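Biologist: Before I use this model, I want to know what the labels on it rest on. Please set each one against its definition.

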Protein chains: 2
Amino acid sequence: MDQASASERDILRATVALCQEKGYDEVGFAAVAAAAGVPESRLHEQWRTKSALVIDAFRAEVGRDLVFPDTGDFAVDLRTQLAAIARIFHDPNLGPHLARVIGEGQRDADVAAQFLERVYTPNRAAARARFQSAQAAGQLRSDLDLDAAIDLAFAPFWFRLLVKSGPNNEDYVNSVVDLAKRGLGVP
Amino acid sequence: MDQASASERDILRATVALCQEKGYDEVGFAAVAAAAGVPESRLHEQWRTKSALVIDAFRAEVGRDLVFPDTGDFAVDLRTQLAAIARIFHDPNLGPHLARVIGEGQRDADVAAQFLERVYTPNRAAARARFQSAQAAGQLRSDLDLDAAIDLAFAPFWFRLLVKSGPNNEDYVNSVVDLAKRGLGVP
């Protein structure tokens, strides 16, 4: 492992820790650099804005839980992935910070663009690929508007994260999985 | 029509107009009072915070389009209501301002609570009542988790409003209505 990736990991971990301890408003390049033990210039080399750094930090934090699984059984994999999203959103150390980034995106178009580029786009590509392999395997209706179909399954968890109308708990996962599978024509 | 309701309407209209012209950050009780031609004390009598005023103002603006219809045909009414939500969210004079309020709710718990109380709760009660009358009429599966079912149908439009991954246009309405009806067991 080279020095650059080691310092990147330290920076990302320090960013998450500072967000969790002090909140988004209090986090800045100087504080992160100090906490990570790197010169602030190191951060400016890689991240143009604080929001890009925060997005990368939380993406790294949850990334290992968000690889869309492929066991060959789409119904199982869809449930696994929806349950993983719900767990992340329901985690008080993660959900509110992700919600905060989406919230910043409503006042700052650059934050919204960074989130689309760094989180939505790669995650959506992975989901589309898994939905398409399920269609090829006859485990998912073939005539779907794929983006709408993925939204249908995942958006309820985003809704509860952002509108705060109820918890993203196991009961909710069970209900949404049942409804979404019927909607998508997953046997 | 009494004087109080006339001044309330003026205040709410002035609030919406100022949000649209200047943006949420620039709106305050003093500017709204001046634009509405009422003393600022009149606003403080009725609204504790700016966010409560802004929420009431946009609720009044879109309220007439958001009475869940009851024609006796649930499939038709669900489509009508989902299309109405999509139109509001897609409207550049409304959608971004609603999104901004949800965004503020991520940094200010009081804004989130006001939105839940003033918008989500009454709208959800109306949706639940319409879903239940559809169940009684045999036009909707009777074994649904109603809150999850309503979320499934409506959350995709919230997702696109807030994550900005695509437009809430007619094609999207058609796709989501098709998927949601299957999910909910609407013939």
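Modeller: Domain bounds here come from an automatic or database domain assignment. For chain A that assignment gives domain 1 (3–46) and domain 2 (59–184). The model is predicted: local features need pLDDT of at least 70, side-chain atom pairs count only at pLDDT 80 or more, and totals for chains, interfaces and linings use all residues. Residues are numbered from 1 along each chain as its sequence is written, while chains are lettered from A and ligands numbered from 1 in the order in which they are written.

Biologist: What is the distance between domain 1 and domain 2 of chain A, and how many residues of each are in contact?

Modeller: Their C-alpha centres lie 27 Å apart. Two residues are in contact if their C-beta atoms, placed from the backbone, lie within 7 Å. By that rule, five residues of domain 1 of chain A are in contact with five of domain 2 of chain A. The domain 1 side has four nonpolar, one polar and no charged residues; Ala, Val, Leu, Ile, Met, Phe, Trp, Tyr, Cys and Pro count as nonpolar, Asp, Glu, Lys and Arg as charged, and the others, Gly among them, as polar.

Biologist: How many helices and strands does chain A have?

Modeller: Chain A has nine helices and zero strands. Helices (H or I, at least four residues) and strands (E, at least two) are DSSP runs, numbered from the N terminus.

Biologist: Why is A:I55 called buried?

Modeller: A residue is buried if 20 or more other C-beta atoms lie within 10 Å of its own, exposed if 12 or fewer, and partly exposed in between, with C-beta atoms placed from the backbone. A:I55 has 23 C-beta neighbours inside 10 Å, so A:I55 counts as buried. This residue sits in helix 4 (residues 50–63) of chain A. Not counting residues up to four places away in sequence, A:I55 touches A:V101, A:Q114, A:F115, A:R118 and A:V119. A:I55 and A:F115 are 60 residues apart in sequence, yet 6.7 Å apart in space, C-alpha to C-alpha.

Biologist: What makes helix 6 of chain A largely enclosed by the rest of the structure?

Modeller: Helix 6 (residues 95–104) of chain A is described that way because nine of its ten residues are buried. Among them are A:H97, A:V101 and A:E104. Over chain A as a whole, buried residues make up 42% of the 187 residues.

Biologist: Why say that the copies meet through the same surface?

Modeller: Because 100% of the interface residues of chain B are also interface residues in chain A. The contact takes 33 residues from chain B and 33 from chain A. On the side of chain B that touches chain A, the largest share, eleven residues, comes from helix 8 of chain B. By class, that side has 19 nonpolar, seven polar and seven charged residues.

Biologist: Which residues have the most contacts inside the largest nonpolar core?

Modeller: A nonpolar core is a set of buried Ala, Val, Leu, Ile, Met, Phe, Trp, Tyr and Cys residues joined through C-beta atoms within 7 Å. The largest has 112 residues, and those with the most contacts inside it are A:L152, A:W158, B:L152 and B:W158. B:L152 touches residues including A:L152, A:P156 and B:A180.
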